[in-house]
Each structure stands twice: as structure tokens, then as C-alpha cells.
Amino acid sequence: MKIDSTVTQFLVDNIDTDQIIPARFLKTISKVGLGDQLFYDWRYNADGSPKPEFVLNTEKAKKSQVLVAGDNFGCGSSREHAPWALTQYGFQAVISTSFADIFKNNSLKNRLLPIVVSKEVHTALLGALAADPDLRVSVDVEAQTVSWTGGPSVTFPIDAFSKHCILAGVDEIGYVQQHEAQIAAFEAGRVLSLNTLG
Amino acid sequence: MVAEREGAPSLLYIDLHLVHEVTSPQAFSGLRERGAKVRRPDLTFATVDHSTPTTPRSLPIVDPIAAAQVDQLEKNAAEFGIPYFGFQNANQGIVHVIGPENGLTQPGMTVVCGDSHTATHGAFGALAFGIGTSEVEMVLATQTLLQRKSKSYEVAVNGTLRPGVTAKDIILALCAKIGIGGGTGAVFEYTGTAIRALSMEERMTVCNMSIEAGARAGLVAPDDSTFAYLAGRKYAPAGAEWDKAVALWKQLPTDAGAAYDLSTSIDANTLEPMITFGTNPGMGMAISGAVPDPGGVADSTERESLRKALAYMGLEAGKPLAGQKIDVVFIGSCTNSRMSDLRAAASVLKGRKVNAGVRVMVVPGSQQIKRQAEAEGLDRVFRESGAEWREAGCSMCIAMNGDQLTPGQYSVSTSNRNFEGRQGKGGRTFLASPLTAAASAVTGVVTDVRTML
């Protein structure tokens with residue numbers, strides 16, 4: 001998986017999943033149609049018309065696949081609607097100095113890359129974007145690198161198993177189902193374990 | 001632990017899976033698509049809480065989208081054979097309230113739910129954490145999760161809480177101290193004399209908001225309070241099984257002198273009632289304090305975030321929050337909707353009247369709690385003071401069910417999140433304890449409950 005894209009910047013710390021997609025949109029029983037609801041309360045006026053100055057309403061952002069955000073992105077609620085909305089809008093990667101745990105997990109299961117970089121790299125990227133707002137970044141999942149013209153090639157961490165699943169298109173549930181014998185054996189031994197429900 | 005393999009995450013067996021209407025429909029659809037069954041319906045329990053109205057249960061659900069979601073869970077539970085505490089069921093309630101009160105949550109278990117406040121169940125010495133919908137499907141299909149080990153983080157709370165200071169103030173103080181991302185990658189263990197002195201309900205309040213300090217899970221080692229709470233509950237072991245279980249549970253506590261990856265502490269002796277001023281739970285302070293000045297923050301992104309928060313909240317830096325006019329008081333949520341919370345609020349409201357400019361909603365965490373509170377006459381105390389006494393659910397904590405603030409309104413809320421729009425678009429939330437909420441309901445302004453004790 002490789003990404004080569006312009007960058008959308010959203011430099012607020014601690015963006016919570018209630019901002020990414022407000023709770024009133026979670027009454028759906030489907031996964032689709034969430035892209036238009038991404039950052040709804042920051043993105044639209046009270047009458048539902050888009051705020052032209054809000055970054056996600058620009059043509060440039062709509063074509064971008066990489067979001068650069070502030071620290072601790074995706075904190076709060078466990079709603080997987082957050083990565084669904086981000087990917088349906090068009091993002092394939094979010095670059096930040098840190099991510100909330102549940103959001104990071106949910107993102108990896110939806111092929112949305114949570115790319116953690118150091119404060120220095122984050123600052124360097126913002127500097128490069130200030131000099132050239134049309135700067136393109138390249139992300140290579142196999143090599144675990146993010147780079148841009150005139151900048152360093154930076155390695156980012158990604159859980160080895162998640163990387164394998166993303167690159168090979170592994171269905172994680174299918175993978176675990178292959179361990180049926182082990183799960184059944186564990187269950188058989190649970191009679192003596194702590195569990196009293198069954 | 002079912003399996004551990006080099007390179008792959010461990011396969012963790014799940015002892016209890018709680019399901020609600022909002023984060024499960026897509027998981028059940030996924031099961032159908034892959035032709036899978038729910039592997040252990042007997043370890044899975046479903047209820048409705050988020051989308052459900054808190055108006056009398058004789059009325060239908062007016063919002064057609066919410067009604068369809070509730071209906072979908074009922075169908076899914078029936079199709080897959082899952083026990084279901086439905087809208088009209090006498091055991092319906094907030095998922096994190098009904099697990100413990102029915103004895104489903106027990107020490108040493110792994111507990112998951114598609115909800116970030118699953119950490120609540122950690123109060124029993126269970127490893128309990130929130131998961132996304134893909135993982136809900138995983139647990140439904142396999143009763144396991146792929147997991148990496150978290151860091152251990154000791155939160156030591158020693159000393160004695162003073163009058164007017166509660167479990168809620170402990171957890172708000174932790175959020176303020178280490179910040180909303182402070183516990184990322186970790187599981188909290190709450191230790192110390194002040195934690196030991198808490199009731200099980202109070203421990204649930206503390207563990208509930210672990211996620212608000214960044215940790216997916218937070219737990220308290222089980223002790224005699226834990227066992228006394230569980231004894232005789234519907235799904236708790238009984239007879240010889242009970243003795244066997246208690247003997248095993250007694251082996252669970254962390255060894256004395258064990259090393260943690262991280263640690264912090266809170267002094268209960270000096271703790272004051274806490275309140276939030278900003279737009280995340282880490283933006284909190286003692287109620288006697290003043291709203292911080294963004295000008296004093298060195299980091300530029302942090303400074304901008306604080307400035308943005310104060311602009312949203314309509315607050316002035318340097319001013320105290322006490323005395324700030326409010327419009328709504330919400331007493332409820334998986335953080336503070338249990339009997340001890342309702343009793344605390346009622347102790348302040350008894351013989352007093354709610355301020356004429358304030359709407360006060362009291363929402364019990366479950367139908368069981370509602371009945372118990374009514375048996376104790378708390379509903380009369382609330383009604384006579386001018387507060388609303390409603391049916392069980394998440395209500396104005398997440399504002400999905402019609403209970404919500406209007407733009408610009410201020411609330412003092414016993415819930416867990418003060419994010420922008422969390423209690424309704426444009427609404428502004430001050431998080432606090434049930435005592436602080438009740439005191440503020442009487443005066444119509446943010447109030448230090450200690451002036452009324």
C-alpha cells in the first residue's frame with residue numbers, strides 16, 4: 001500500500017470522535033453515507049450549508065488522502081463510525097504525534113493508517129507545508145516510511161500483524177476462526193477458571 | 001489467554017460481551033454476510049440505552065431512526081439467541097449499570113463492549129475495555145480478541161476524602177493532572193487507602209472515566225467490598241460455587257511491591273470538589289479555582305486549543321467558575337446514575353427548591369435503580385424540589401435520544417464528557433459530581449456544595 005497525496009491540515013490537539021462524527025449520526029444501522037457527516041458541526045452552518053472557510057469543504061482537501069492532525073487524535077468514544085467517516089471522505093492516512101488507543105485499533109481495521117511521528121518530524125512537515133501548501137507526501141506501508149520532497153524519509157511504527165493484514169488483505173475474523181481447535185480447548189478448561197456464567 | 005505466538009497479537013478469550021443498539025448493527029450484518037453464528041450467546045447480553053427515550057415507557061419511540069435501531073437489536077438478539085434486556089424489560093438500563101447490578105461482571109473476567117466506558121467494570125477487578133464494531137463482530141463470531149499487552153499505570157489515591165468531595169472528584173482530578181491523553185497505551189490500577197474506602201458504586205465512577213484520561217481500562221483489585229456487593233446477585237455464583245469463586249478471586253490482587261510501568265498519585269486529604277471549564281475532561285480544576293489563561297501556555301498548539309475551548313465555552317480567563325449562571329442540570333449517565341449518586345443528589349435537594357431558571361433532569365441508570373429509588377422515596381424528593389424524574393438510559397450524556405441542550409446553554413452534568421456538542425449541538429458542559437450538580441440546581445449558578453452542607 002502506497003499513498004502519494006497532498007496534505008490536509010487540521011491542527012487542533014485532542015480531536016475527539018464526537019467531533020469527527022457527532023453522536024446523532026450514530027443512529028444508523030449501516031456503514032455507508034458517513035463521509036458527508038465527517039466533522040459535521042465544524043463543517044456546516046445551522047441551515048446545513050457548508051462553511052466555505054472550513055478546510056474539509058475546499059476542493060483541495062476533497063482530493064487529499066492524508067490528514068495531518070494535532071496530538072491525541074481520535075480520543076473519546078469508541079465509535080468506529082469515526083474511521084468509516086474519514087475513509088469515506090477520502091482519507092487513507094492520518095499523521096499525528098499520538099492517537100487514542102481505540103481509534104488507532106479501529107482505523108487499522110479499516111485500512112486507515114494512523115501514522116505516529118515525533119514532535120520534530122511533525123513540526124518539520126508543518127514547516128514544509130507552510131513553504132509549499134501543495135506539497136505532496138509519500139507513504140509506503142511496506143517500508144513503513146513517510147517522506148516528502150526536500151524532507152527526510154521517516155520511519156513510522158506499525159504493529160507487524162496489522163501491517164500484514166493490511167498488505168495481504170487478511171480478514172482478521174477468518175484468521176481467528178482458524179484457531180477454532182485452540183479456542184475450544186481453552187473453553188473446555190474454563191470449567192475450573194474464574195468464569196461462572198458458562 | 002487462548003494463544004500467544006511470536007509476532008502476532010495474543011488471542012484473548014472474552015468472558016463477558018455486552019452489546020447495545022448503537023455499535024452492534026453493522027457487526028450483526030457482518031456475521032450474516034459470513035454465515036457465522038454468535039459463538040457464545042450465553043456469554044453475551046444485550047440492552048438498549050443510547051437511543052432510547054427517557055419519557056414514560058407507555059409512549060412509543062417517536063424518532064423513526066432511533067426506533068428502527070432499537071428494533072434491529074431486538075431482531076438480532078432473537079435471531080442469534082442472545083439474552084436481551086429490551087426497552088420494556090424490567091432489567092433494562094445503561095449497559096455499564098446493568099452488568100454489575102445483575103452480577104454479570106465478576107473479578108478476573110475479561111469484559112468488552114462496543115463502548116469506551118466499558119472500563120466501568122474494572123471496579124470489580126475485571127479487565128474491561130471498549131472496542132469498535134469490527135471487534136464486536138470478532139467477539140460475536142469467535143469469543144476472542146487479538147490483543148497486545150498494555151502498559152501498567154498505578155494511580156495511588158491515599159488519605160481521606162473530606163465532606164463534599166467524592167469519587168467523581170478523584171477521577172476528574174486524575175484527568176486534570178495527566179490530561180486526556182495521559183494514560184494512552186496503559187491500563188490504570190487504582191490503589192491506596194482512599195480507593196479501598198470507596199463503595200463498589202464509587203469505584204465504578206472512578207473506573208468509568210479511565211478513558212477520559214486516555215486509558216482503555218482501569219481497575220481496582222477485588223476485596224471484601226467487591227465480594228459483599230456480588231453476593232446474592234442474579235448471575236453471581238451461589239452455594240459451594242460461591243466459596244470456590246471467592247477463593248480464586250482472592251488470588252487476583254497485584255503482589256505487594258510490584259513494579260508498574262508508570263505511576264502517579266492523588267492526595268485525597270487535600271482534594272476539593274472538581275469541575276471542568278473546557279471542552280475535554282482533562283480541562284478541569286478545583287471549584288475554588290479560576291479559569292486558566294491561554295496566554296500562560298508555552299506550547300502554541302496547546303495554547304490555541306485552550307483558546308478555542310474557552311471561546312466555545314464563552315468563558316473569560318482568570319475568572320472563577322463558581323457563580324457562573326447555568327440553564328440545565330443533568331444527574332445521570334454510566335458515571336453517576338446509581339443509588340449512591342441519587343441519594344447524594346437527594347440529600348442536597350431535600351427540602352429545597354430548584355432555581356426557577358434551571359431545568360433539572362434526574363435519569364436513573366436502570367429500571368432496577370428506578371424502582372429502588374422510588375421505594376426509598378427519592379423520586380418524591382426530586383419531584384417536590386422541581387426536578388424531572390425520568391426513565392433509565394444514557395439520556396443527556398450523549399444526547400442521542402432527544403434529551404439535549406440547545407445552542408449556547410450551560411449545564412452542570414454528572415456525565416463523563418464535555419466535548420463540543422456532546423450534550424447537544426452548541427451546548428456547553430461543566431462536568432461535576434452529583435453533589436455539585438444538585439447544589440448548582442438549587443442556586444442556578446455553579447456552586448461549591450460545601451457552602452450548603
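Reader: In which order do the five strands of the open sheet in chain B stand?
Author: This is a predicted model: local features need pLDDT of at least 70, side-chain atom pairs pLDDT 80 or more, while totals for chains, interfaces and linings use all residues. Residues are numbered from 1 along each chain, chains lettered from A and ligands numbered from 1, all as written. Strands (E, at least two residues) and helices (H or I, at least four) are DSSP runs numbered from the N terminus. The pairing in this sheet is parallel, and the order is β16-β15-β14-β17-β18.

Reader: Which are the edge strands of that sheet?
Author: Two strands pair if DSSP finds at least two bridges between them. An edge strand here pairs on one side only. In chain B that holds for β16 (388–389) and β18 (428–431).

Reader: Which residue of β16(B) is the bridge partner of B:Val362?
Author: Strand β15 of chain B covers residues 359–362. β15(B) and β16(B) run parallel and share two bridges. The partner of B:Val362 in β16(B) is B:Trp389.

Reader: What else is in contact with B:Val362, leaving aside its neighbours within four places in sequence?
Author: Residues are in contact if their C-beta atoms, placed from the backbone, lie within 7 Å. B:Trp389, the bridge partner, is on the contact list too.

Reader: How many residues are in the largest nonpolar core?
Author: A nonpolar core is a set of buried Ala, Val, Leu, Ile, Met, Phe, Trp, Tyr and Cys residues joined through C-beta atoms within 7 Å. B:Val362 is among those with the most contacts inside the largest one, along with B:Ile170, B:Ile275, B:Val329, B:Ala345, B:Leu349 and B:Ala441. The count for this core is 187 residues.

Reader: Which helix gives the largest share of this core?
Author: The share is nine residues. They come from chain B, from a helix spanning residues 167–178. That helix is α5.

Reader: How many of the 10 residues of helix α14 of chain B are buried?
Author: A residue is buried with 20 or more other C-beta atoms within 10 Å of its own. Helix α14 (434–443) is mostly covered. B:Pro434, B:Leu435 and B:Thr436 are buried, and so are B:Ala437, B:Ala438, B:Ala439, B:Ser440, B:Ala441 and B:Val442. The count is nine.

Reader: Which elements are included in what covers the buried residues of α14(B)?
Author: Strand β15, the one that pairs with β16(B), is part of the cover. Helix α11 (339–349) also takes part. Among the other strands of chain B in this cover are β12 (274–276), β14 (328–331) and β17 (410–413).

Reader: Which residue follows α14(B)?
Author: The phi of this residue is positive, near 85°. The residue is B:Gly444.

Reader: How many helices and strands are there in chain A?
Author: The C-alpha trace of chain A spans about 65 × 45 × 25 Å along its principal axes. Of its 198 residues, 41% are buried. The chain holds nine helices and seven strands.

Reader: How far apart do the C-alpha centres of the two domains of chain A lie?
Author: The domain bounds come from an automatic or database assignment. Domain 1 takes in 2–158, and domain 2 takes in 171–198. Their C-alpha centres are separated by 36 Å.

Reader: Are the residues of β2(A) buried or exposed?
Author: Strand β2 of chain A spans residues 66–69. A:Val66 and A:Val68 lie on one side, A:Leu67 and A:Ala69 on the other. Both faces are covered, and the four residues are all buried.

Reader: Which residue of β3(A) is the bridge partner of A:Val68?
Author: β2(A) pairs with β1 (2–10) over four parallel bridges, where A:Phe10 partners A:Ala69. β2(A) also pairs with β3(A), again parallel, over three bridges. A:Leu67 stands opposite A:Val94 there. The partner of A:Val68 is A:Ile95.

Reader: Which residue of β4(A) stands opposite A:Ser96?
Author: In β3(A), A:Ala93 and A:Ile95 point one way, A:Val94 and A:Ser96 the other, and all are buried. Four bridges join β3(A) to the parallel strand β4 (113–116). Opposite A:Ser96 stands A:Val116.

Reader: Which helices of chain A each supply at least two residues of the side that touches chain B?
Author: Between the chains, 48 residues of chain A are in contact with 67 residues of chain B. The helices of chain A on that side are α1 (17–20), α5 (101–108), α7 (160–168), α8 (172–177) and α9 (180–189).

Terms used: Two residues are in contact if their C-beta atoms, placed from the backbone, lie within 7 Å. A residue is buried if 20 or more other C-beta atoms lie within 10 Å of its own, exposed if 12 or fewer, and partly exposed in between; C-beta atoms are placed from the backbone.
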